[in-house]
Amino acid sequence: MSNDPGLRRLALGTLLGAFPGAQAPAWAVDLVAEGMAGHLLFGYNIVDRDQVAALTAGLHAARDGVLVAIDEEGGDVTRLAHRLGSPYPGNAALGALGDPAITRRVYRTIGAELDQLGLNLNLAPTVDVNTADDNPIIGTRSFGADPQQVAAHTAAAVLGLQSARVAACAKHFPGHGATLADSHLELPTVDIGTDELRGRELPPFAAAVEAGAKSIMSAHIRVPALTGDAPATFSRAVLVDLLRTELGFTGVVVTDALEMLGAARYAGSTQAGAVLALAAGADLLCIGADVDEKLTLACVDEIVGAVQDGRLPLARLEEAVARVQALSEWTRQGDRTDREEPGLGYPAALSAVRIEGSVDRSAAPLIVQLESESSIAAGRVPWGLGPHVNGTEQVRVVAEKTAAEELRALAGARPIVVVGRNVHRLPGARALVDTLAAAHPVTVVEMGWPSSWRPANVRAFITTWGASHANGRAAAETLGLAA
């Protein structure tokens with residue numbers, strides 16, 4: 001561990017850590033008192049509102065101005081509601097609804113809730129333009145596939161959050177929406193020219209800057225035209241030349257989690273990535289989810305060592321800390337909004353539902369939910385029609401392990417409602433739906449990102465644009481099955 005207390009405090013001032021459990025361990029509180037920028041809360045830190053409020057109060061007591069962050073995007077990515085699902089529709093549903101004023105109200109309500117619980121930095125909104133139907137990590141987290149639509153909702157989300165004095169963090173710069181790989185697991189490549197990048201990926205980030213976003217998150221993606229073989233998180237061409245010089249951003253650049261393999265494999269380790277990110281122009285280093293005291297201190301020592309051996313200029317470290325401190329000061333100033341709108345998410349989710357075909361509400365169906373894996377970003381959160389229906393029978397199946405004849409026999413004379421997330425890319429799902437629909441009345445409820453695929457012969461294809469608790473309720477109401 002470094003014996004230079006001044007450098008050690010500076011290094012701590014760039015770190016956004018994490019810790020396991022419903023209470024902050026002593027080491028996490030002690031490091032905050034010593035000057036650590038803050039901590040990021042995950043679902044495993046959250047039991048209920050009172051517990052969260054007590055946890056954050058302890059961190060704020062350790063040092064006034066500590067950043068207490070969370071990924072509360074609404075929709076499929078929720079930490080506060082990870083046990084039940086979010087009461088808000090996510091970005092895809094808000095984009096489909098097409099009213100930025102509603103987006104602003106939803107994010108204002110999310111911000112007010114976070115502020116009441118002592119959280120002051122929300123790693124949201126996701127502002128990537130989702131141009132790849134099979135994107136494994138963005139999908140329904142995006143406002144849409146049209147850059148100008150996404151830009152309009154981005155500005156609304158930023159303004160809504162920050163009206164509650166909760167800092168927004170637009171992510172993932174310079175745009176993760178065209179990838180077919182998950183940067184948690186590998187380094188995705190977006191192989192496009194700078195003109196296409198500016199025309200397609202950057203408008204939402206420009207809108208975030210114009211709206212006054214206090215922070216922007218870098219992406220662990222490779223854009224060869226700008227970054228060469230490196231992730232954008234480690235590229236001065238992206239973080240300084242493009243984001244700061246060209247787009248005029250003056251706030252805090254936050255890294256995506258440095259433990260993610262898209263960054264760690266390139267850097268060699270999380271702590272080595274911390275130095276590379278700072279040198280490239282990042283200010284606040286998100287270490288990740290699997291963080292303990294040992295890893296946190298290893299990052300501190302690596303940063304201090306890099307300054308001492310010349311790999312990282314002291315002035316760059318001081319600049320990063322000054323920006324983080326300015327963000328901290330902003331969170332403590334100004335009026336809070338008192339315009340929280342409980343319940344807003346449910347009618348918004350219902351209004352976003354799109355129906356192709358005709359919904360038959362005359363007979364109670366058999367509901368068949370297709371099992372699917374959760375993305376790493378979303379984690380395991382309940383989804384589907386389960387808690388919302390009025391006693392209608394439901395079964396959960398794995399598409400590639402289930403025969404259509406088996407489901408038809410179970411349904412008997414009842415119609416079948418097939419519910420899934422990203423049905424078009426679930427192994428065996430297309431064939432299962434097509435075979436069912438060829439000889440049975442079938443409705444499909446798509447709760448993921450819809451592709452151009454539409455099964456033949458189905459009565460209706462319903463798109464909810466997400467799988468949150470609010471989206472599930474909206475689907476049940478659309479089918480006439482709500483409890």
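This is a predicted model: local features need pLDDT of at least 70, side-chain atom pairs count only at pLDDT 80 or more; totals for chains, interfaces and linings use all residues.
**Nonpolar cores**

The largest nonpolar core comprises 119 residues, and those with the most contacts inside it are Phe173, Leu284, Leu285 and Ile303. Helix H13, which spans residues 293-308, supplies the largest share of this core, namely eight residues. Another core lies apart from it and has 23 residues, including Leu366, Val368, Leu432 and Val458.

The surroundings of Leu284 can be given in more detail. With neighbours within four places in sequence left aside, Leu284 is in contact with Thr14, Leu15, Leu16, Ala37, Leu67, Leu121, Val252, Val253, Val254, Thr255 and Val324.

**Largest pocket**

The largest pocket holds about 670 Å³ of space. It is lined by 39 residues, of which Glu373, Ser374, Ser375, Asn422 and Arg425 are the closest to its centre. Sorted by class, the lining of this pocket contains 17 nonpolar, 14 polar and eight charged residues.

**Cysteines**

The structure contains zero disulfides. For Cys169, the nearest cysteine sulfur belongs to Cys286 and is 9.1 Å away; Cys169 is in no disulfide, because a disulfide requires sulfur atoms within 2.5 Å. Cys169 is buried, with a relative accessible area of 0%. Cys299 is likewise in no disulfide, and the nearest cysteine sulfur, again that of Cys286, is 11 Å away. With a relative accessible area of 1%, Cys299 is also buried.

**Backbone features**

| Feature | Residues | Angle |
|---|---|---|
| cis peptide bond | Lys171 to His172 | omega near 10 degrees |
| cis peptide bond | Phe173 and Pro174 | omega about 5 degrees |
| positive phi | Asn457 | phi about 75 degrees |
| positive phi | Trp465 | phi about 65 degrees |

His172 is placed in strand S5, residues 167-173, whereas Pro174 lies in the loop between S5 and helix H7 (194-201). Phe173, which is joined to Pro174 by a cis peptide bond, is also one of the residues with the most contacts inside the largest nonpolar core.

Asn457 is located in the loop between strand S13 (442-446) and strand S14 (460-463). Its relative accessibility is 57%, so Asn457 counts as exposed. Trp465 is found in the loop between S14 and helix H18 (469-478).

Notes: Residues are numbered from 1 along each chain as its sequence is written. Side-chain values use heavy atoms; hydrogens and water are left out. A nonpolar core is a set of buried Ala, Val, Leu, Ile, Met, Phe, Trp, Tyr and Cys residues joined through side-chain atoms within 4.5 Å. Buried means under 20% relative accessible area, exposed over 50%, partly exposed in between (1.4 Å probe, protein chains only). Helices (H or I, at least four residues) and strands (E, at least two) are DSSP runs, numbered from the N terminus. Contact means heavy atoms within 4.5 Å. On a 1 Å grid over the protein atoms alone, a cavity is a set of points where a 1.4 Å probe fits but cannot get out, and a pocket is an open set with protein on both sides within 12 Å along at least five of seven lines; lining residues have an atom within 4 Å of a point. Grid points are joined across faces, edges and corners, and a volume is the space filled by probe spheres set on the points. Ala, Val, Leu, Ile, Met, Phe, Trp, Tyr, Cys and Pro count as nonpolar, Asp, Glu, Lys and Arg as charged, and the others, Gly among them, as polar.
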